[in-house]
Amino acid sequence: MSYPQLAVSAAIFRDDKILLVRRARPPAKGFYSLPGGRVEFGESLHDALHREVEEETGLKIEVIGLAAWREVLPGTAGGGHYLIMSFGARWKEGEPVLNDELDDFKWLAPDALGELKLTSGLPEVIQLAERLIKP
């Protein structure tokens, strides 16, 4: 695509832990990130967030608010141009059931991400989302 795409992601907190999911496909294959995806034409950001989280993980969430945004520019190896709106959210119900876009998940304390391969800027987004969840 030759134009930027709008996407959403959810920093989902449950019992002081955050849900990280590992991407099973390029461009971020093998990296842990937040569940989310593209906003469809005519869809609100919150509706897109609920839909994407349910499609990718089967979870129901309560959206608390916008935590951060990131811009992902096309790299030398191609890739798309995305504006990602990341929201802080609380888990409401369900247990993670991953779709084919993901191949692993972990509930982790935000300060215990260890040596996981993370998408760019993820620790900062998690920190900002945590401030919304636990003011």
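Helices (H or I, at least four residues) and strands (E, at least two) are taken here as DSSP runs, numbered from the N terminus. The model is a predicted one, so to speak of local features pLDDT has to be at least 70, and side-chain atom pairs count only at pLDDT 80 or more, while totals for chains, interfaces and linings use all residues. Residue numbers start from 1 along each chain as its sequence is written, and side-chain values use heavy atoms, with hydrogens and water left out.

Going by those runs, D16 sits in the loop between strand 1 and strand 2, and D15 is found in that loop too, with strand 2 covering 17–23. Both have a positive phi: near 50° for D15 and near 65° for D16. As a rule, most residues other than glycine have a negative phi. What about burial? The terms are set by relative accessible area: buried is under 20%, exposed is over 50%, and partly exposed is in between (1.4 Å probe, protein chains only). D15 counts as exposed because its relative accessibility is 69%, and D16 is exposed as well, at 53%.

Next come the salt bridges, each being a side-chain nitrogen of Lys or Arg within 4 Å of a carboxyl oxygen of Asp or Glu. The structure holds 13 of them. One pairs R14 with E95, and their closest N and O atoms are 2.7 Å apart. R14 belongs to strand 1 and E95 to the loop between strand 6 and strand 7 (102–108), so this pair ties together parts that are 81 residues apart in sequence. R14 is buried, with a relative accessible area of 19%, whereas E95, at 47%, counts as partly exposed.

Another bridge joins E54 to K60, with 3.1 Å between the closest N and O atoms. Both partners are partly exposed, E54 at 39% relative accessibility and K60 at 34%. K134 and E130 make a further pair, the closest N and O atoms being 3.3 Å apart. Here K134 comes out as partly exposed at 43%, and E130 is partly exposed at 22%. There is also a network of salt bridges that links E40, E43, R51, E52 and E55.

On the surface, L6, W69 and L83 form a nonpolar patch, with about 290 Å² of accessible area together. Patches are built from residues with over 30% relative accessible area and no salt bridge, like charges being joined within 9 Å and nonpolar side chains (Val, Leu, Ile, Met, Phe, Trp, Tyr) within 5 Å. The areas come from the Shrake-Rupley method with a 1.4 Å probe, and for residues only the protein chains shown count as cover. L6 lies in strand 1 and, at 35% relative accessibility, counts as partly exposed.

A pocket is an open set of points on a 1 Å grid over the protein atoms alone, where a 1.4 Å probe fits, with protein on both sides within 12 Å along at least five of seven lines; lining residues have an atom within 4 Å of a point. The lining has 36 residues, and R23, P27, A28, Y82 and I84 lie nearest the centre. Elements giving two or more residues to this lining include strand 1 (5–14), helix 1 (45–57), strand 6 (82–93) and helix 2 (122–133).
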